[in-house]
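I opened this notebook page to record what I looked up in the structure. The entries follow in the order in which I made them.

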Amino acid sequence: MGEHGAVAGEVRLTVDELAARAGVTVRTVRFYGTKGLLPPPELGPRRVGLYGAAHLDRLGLIEELQRQGLTLAAIERYLASLPEDSTPLDLAIHRALVASWTPEAVERLGRAQLERRAGRELSQEQVGRLAAMGALERTDDPEVFRVDPGLLPLGVRILDVPIPLETLLAARAVLLEHSRATARELQRLFRETVWKPYRESEPAPEELARMKALTDHIQPMVAQALVTAFQRSLREELGEELAGEPPAEPAAEPAEEHRRGVEPAAG
């Protein structure tokens, strides 16, 4: 959809296309560029600036940090703390994590807007897959969707992976079940070991309000810790699974006569 000079798997966008994909204005893109938050584009034919996947995901991450209320200086420090070899996928994961702290950031988009954000036309089956991944929800209007801007880029990436819809639905059910159980256990632990003793100490009303405000700031830290722990566990599980597989048998070497396309001589 309007990608310039792209080979397979590559993204090359003009500033207008980048802004449309990210859901921001061209002026915002250029502003971030002048502040050094967004790397300069590559120069394409006729010296047209072209942006890639890393620009798109970095821009999305900046926007999520802005929604969190971070100043430009704080965003610059956040971006500087990321590893230099961060891939577009790494940036997309960071964005999804930040977006998870503000569930109210869900947007209502029409199909045309959704497809501009996705950077591709979407079939009904693909919309169903995105819904199964939690990247969007259908509404009463079949052409309007509630979209999670943090999860959508990751969901679009997975569309081309041959994972059955039933597997996506089952995986989401497993994640919801265990995340709710984890949240309940964390709440119980915090209530019994932190909140209850603090209340029993009879703090002043202003201190009680301050404690409630501080607990709200714990959520991002807990979310990041959970994601980090899950990624580590998943890598370990996948590593054990792959280590347990027998090495693939080498293909049988054809006889010399067959490699030359000659019938073997009769004995």
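I took buried to mean under 20% relative accessible area, exposed over 50%, and partly exposed in between, with a 1.4 Å probe and protein chains only. I worked from a predicted model, in which local features need pLDDT of at least 70, side-chain atom pairs count only at pLDDT 80 or more, and totals for chains, interfaces and linings use all residues. Residues are numbered from 1 along each chain as its sequence is written, and side-chain values use heavy atoms, with hydrogens and water left out.

Entry on Leu168. I found Leu168 in helix H9 (residues 165–200); helices are DSSP runs of H or I, at least four residues, numbered from the N terminus. Leu168 counts as buried because its relative accessibility is 9%. Beyond its neighbours within four places in sequence, Leu168 is in contact (heavy atoms within 4.5 Å) with Arg129, Ala132, Met133 and Ile163.

Entry on Asp57. I located Asp57 in helix H3 (residues 53–67). With 5% relative accessibility, Asp57 is also buried. I noted a polar contact of 2.5 Å between the side chains of Asp57 and Arg157; such a contact is a pair of N or O atoms within 3.5 Å, and within protein one must be able to donate a hydrogen and the other to accept it, while residues adjacent in sequence count only if both atoms are side-chain atoms. Setting aside neighbours within four places in sequence, I listed Pro88, Leu91, Ala92, Pro153 and Arg157 as the contacts of Asp57.

Technical notes. Helix = DSSP H or I, 4+ residues; strand = E, 2+ residues; numbered from the N terminus.
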